[in-house]
Amino acid sequence: MTKNIYEEFLRLTGFEEDEMSKYLPELRKASGKLGLTEDDIKYAVEERLPTYFDLELKGVRKMLGCFVKEVIDLTKANEYKERGVKIVYGVLPANIHFLYALKLSAPDKVFVSFPDIILTVAANCFFHKLDPFLEVAEKSGITYGCRHCALNKTRYAVRKLGIIPSPDINWVWGFICDEAPKTDEFIHVYHDPGWKTYITRLPHDQPLGTVEDEVIDRLEYLASQMKDGFEAVQKEVGVKVPNENIQKVIDLWQRYAMKVSELNLLMTSDPQPLDALSGRLAYEPLAVPFNTGIEGMEEALDILIREIKERVKNGVGILPKGAPKLMSSNAVTLTVPWIAKMFEENGVGIPFSEPFVLSKKQLRPPTFEDPFMSAAENWLRGSLAVNPGYQSEIICEKLKMYSADGMVFGLMDFDRWIGSSHRLLSRIVEEKTKLPVFYIEGDVWDDRDYSKEALRTRIESICEIMKMRKG
Amino acid sequence: MFAGIDIGSVTTKAVIINQQGKMEAYSQIPTNSDRRKSGEDVFELALKKIGESSKNVKYIISTGYGRKSFTSSNQALPEIICHARGTKSLFPIVRTIIDIGGQDSKVIELDKKGNVIKFEMNDKCAAGTGRFLEVLTERILNLSLEELGPLALKSKNHCNLSSICTVFAESEIISLLSEHRTKEDIAYGISKAIARRVVGMGISGQITFTEPIVFSGGVARNIGVVKALNEELGREVLTPENPQITAALGAAIFAEERCQ
């Protein structure tokens, strides 16, 4: 039984038979390090994964598998470090191009990861077992109820527990979250004096409505900050990355992003051909670097796109034809999967996650040849780190592009900036589009305070309102 | 006949309407730990009042916190939608509903056609709800809930409760009593705290408080809170004759519509 459940887990997550001999012992070892029991694996196999993912689709299984490989790899980071591999971490929502470029330039000498997001997703999405990590953090410095998010707490806890090694450098971007650098100070002071951090910042001083990617001073400033940060990282790990490798990565990211956009367009089909969470898996490499590479995810995405095209051709859907479709800022989250599922169970699709639905500008080729200017432009073309006036313009464009019937903001109340700016955005977007726009108070990483039952009335009410509006 | 059952955190309500949409009976009981049984008991009580049997009820919709546990219903709907439908049947041009129940409070905005366009609810905290009143009134002031409203209206110089946390407000009231503040002034201070909390919650949810504003839920029977809401909003709120049954009434109306 012991052997079977681990094997079953690997099969369910798209592993091929010839991969079993390599990955079965590695999965067992990784599970042990993460405190996962056989019962946890059994729960993932029998309940968690079948409930929240469309496992009939090979593309979905393969994507889950890529995630499993990444988690296993992360649990080996201590061994890598012992072998002299340089460890480089980052924290959401940093630009990932540079970390991929580092990996591309020295694949065997560098390990890159956003360890907190990888482990938070793995623990909660697969096993609903993030709480032990959060409790470790809360008992030893980052108290329960403080504004630090579950990602920060997880980073703190897994370092304290020794699951991940001290990085040669942790490159933190204080673009949105200025709490992340504070977590690094906690880790440095309380548990690991070797925890070394480089912080890149971008002031939010642009007037409301400024089209930030067209302001040359701002682009140059951001590009220079990225360059300084990347130089510090290269110096620390002793690897020199040629500019053409950064450009290669930008091109690769763009190619993957185009495929994600194709999937998003397929999601506009009526009936909706795929559930939001299964589709959400494809977004991950756009925001999080995979040390194991992006190729596996790209291959899985190609398979998924073919499978979804087949469904569209045959009129197969997961919701009735004509069901309302919402775009959301954060409601489709792998860490608290029941949120998206609850919308779908109540007859409303939530297929588009705004930060990962690319705007027309994001899909355009870069204007600049310099890779840092190009990366800065790419960043400011997105909606994450720009002023709410411009952000709302981008969101309105996406709502129209994807024919969404409304928008859901919120679920980021732990964040002192996003928590309030989403309220402002919901008002601006509603006024501009005249579409129904909702705000849900909650937490996308951690569902201890905002349980399923606590949010049920809100979500079901939104669904009823949408269905009544659409007739 | 059609029925709506509202299983709230503190009370469970039932409304039965006939084919013409006229209310035949309603009933209310305290919710017990077995929410399904609470639903069955209140339904039976309403049927008993008119000498009817459940066989003659064509469609039942349950709502409220315990709506999913009432397995005898044909459908479960969230109370936001049911409050709106029930209140609209009583006040056809209602544009804003303030509902303060046992453990939650809601502000609901409707368009001119009576469709819900926006709502806001309290989150993790029971401040500004019936439970807040109950704890402060019965435990600290030794008053019944029924006494609180009339007493609050006698206030000449109401207290300002700085805290909106039920637990901290409790210690604040103990301090006020030791300072010999009158129960009248404290009672109205409590009413004002609830009004401030609920109106502030609505504003943060971008509710415009367009008139007519209807105040429903069990707390709407408290005339002190009604007065405080009028003051806080600078406009008059209307209260139904039976403010605690609007969600059950809405559920019954939906039952009739959805049965067809």
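Reader: Let's start with chain B: which domains does the domain assignment give for chain B?

Author: Domain bounds come from an automatic or database domain assignment. For chain B that gives domain 1 (1-91 + 245-260) and domain 2 (93-239). Keep in mind that this is a predicted model, where local features need pLDDT of at least 70, side-chain atom pairs count only at pLDDT 80 or more, and totals for chains, interfaces and linings use all residues. Residues are numbered from 1 along each chain as its sequence is written, while chains are lettered from A and ligands numbered from 1 in the order in which they are written.

Reader: How many residues from domain 1 of chain B and domain 2 of chain B does the contact take?

Author: Two residues are in contact if their C-beta atoms, placed from the backbone, lie within 7 Å. Here the contact takes twelve residues from domain 1 of chain B and 19 residues from domain 2 of chain B. On the domain 1 side, helix 2 (residues 79-90) of chain B gives the largest share, six residues. Helices (H or I, at least four residues) and strands (E, at least two) are DSSP runs, numbered from the N terminus. The centres of the two domains of chain B, taken over C-alpha atoms, are 26 Å apart.

Reader: And how do I read the overall build of chain B?

Author: Chain B has eight helices and ten strands. The radius of gyration is taken over C-alpha atoms, and the globule rule is 2.2 Å times the number of residues to the power 0.38. Chain B has a radius of gyration of 18 Å, close to the 18 Å from the rule for 260 residues, so it is as compact as a globular protein of that length. Its C-alpha trace spans about 60 × 40 × 30 Å along the principal axes.

Reader: What share of the residues of chain B count as buried?

Author: A residue is buried if 20 or more other C-beta atoms lie within 10 Å of its own, exposed if 12 or fewer, and partly exposed in between, with C-beta atoms placed from the backbone. By that count, 53% of the 260 residues of chain B are buried.

Reader: What about phi at B:Phe209?

Author: B:Phe209 has a positive phi, near 55 degrees, though it is a residue other than glycine. B:Phe209 also lies in the loop between helix 6 and strand 9 of chain B, and it is partly exposed, with 18 other C-beta atoms within 10 Å. In chain A, A:Ser403 has a positive phi near 50 degrees. A:Ser403 belongs to the loop between helix 19 (388-401) and strand 7 (406-410) of chain A, and it is exposed, with 11 other C-beta atoms within 10 Å.
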